[in-house]
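Let's take a walk through this structure together. Have the sequence and the 3D view ready.

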Amino acid sequence: NDIDLTRVIPSHADGSILMYQNRQEDKRFDIIDLDPYGSASQFLDAGVQSVGDGGMLAVTCTDKAILCGNHPETCYAKYGSFPLHTRFSHEMGVRILLASIAQNGAKYGRYIVPMLSMSIDFYVRVFVRVYESAQQVKYTASKLGNVYLCNACDSYHLSPLCKVDQKGNSIRFKPGTLPEISHQCE
């Protein structure tokens, strides 16, 4: 592949420490692949900071049962979300991981663009591009939301965390509102 081997530097260092040591703009990595055994949540903060602008962050989490709602309190502690254990749990697990990466990046003026997301067997794997833009980070909350699930059936409703109100050149971000929900199941 004609790879310049001077750009490939093996290391036995702690992954988080290595990433934190390389978060300066001129030291950032082009690609970071986080693939620990179990959750990658403890590496997300360092990962989003140390990948270059437009770089690729690949994340694997083998704690899919937690992401899919088997232990919602653990999912909240690791990823900041409380999953529902339902027929779309696997998709929700992928979305929880993406939301966690997005929220970690937003703290540093960085936003993500998902490229590929997978839920396979016992793991979730996502590939995202990480970009720097204080303006684009403002839209992060408008891409996140809550899911309300009926206790009697599988109908669900989505509620965005915020709404973007744009009038001409003026953009305002307003808190999301609950959806109007019928008293009868769908």
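The side chain of Tyr20 makes a polar contact with the side chain of Asp45, at 2.5 Å (a polar contact is a pair of N or O atoms within 3.5 Å; within protein, one must be able to donate a hydrogen and the other to accept it, and residues adjacent in sequence count only if both atoms are side-chain atoms). This is a predicted model, where local features need pLDDT of at least 70 and side-chain atom pairs count only at pLDDT 80 or more, while totals for chains, interfaces and linings use all residues. Residues are numbered from 1 along each chain as its sequence is written, and side-chain values use heavy atoms, leaving out hydrogens and water.

Leaving aside residues up to four places away in sequence, Tyr20 touches Asp45, Ala46 and Gln49, with contact meaning heavy atoms within 4.5 Å. Tyr20 is partly exposed, at 30% relative accessible area (buried is under 20%, exposed over 50%, partly exposed in between, with a 1.4 Å probe and protein chains only). Leu5 sits 15 residues away along the chain, and 23 Å separates the two C-alpha atoms of Tyr20 and Leu5.

Now for the classes of residue around the pockets. The lining of the largest pocket has 19 nonpolar, 8 polar and 3 charged residues; Ala, Val, Leu, Ile, Met, Phe, Trp, Tyr, Cys and Pro count as nonpolar, Asp, Glu, Lys and Arg as charged, and the others, Gly among them, as polar.
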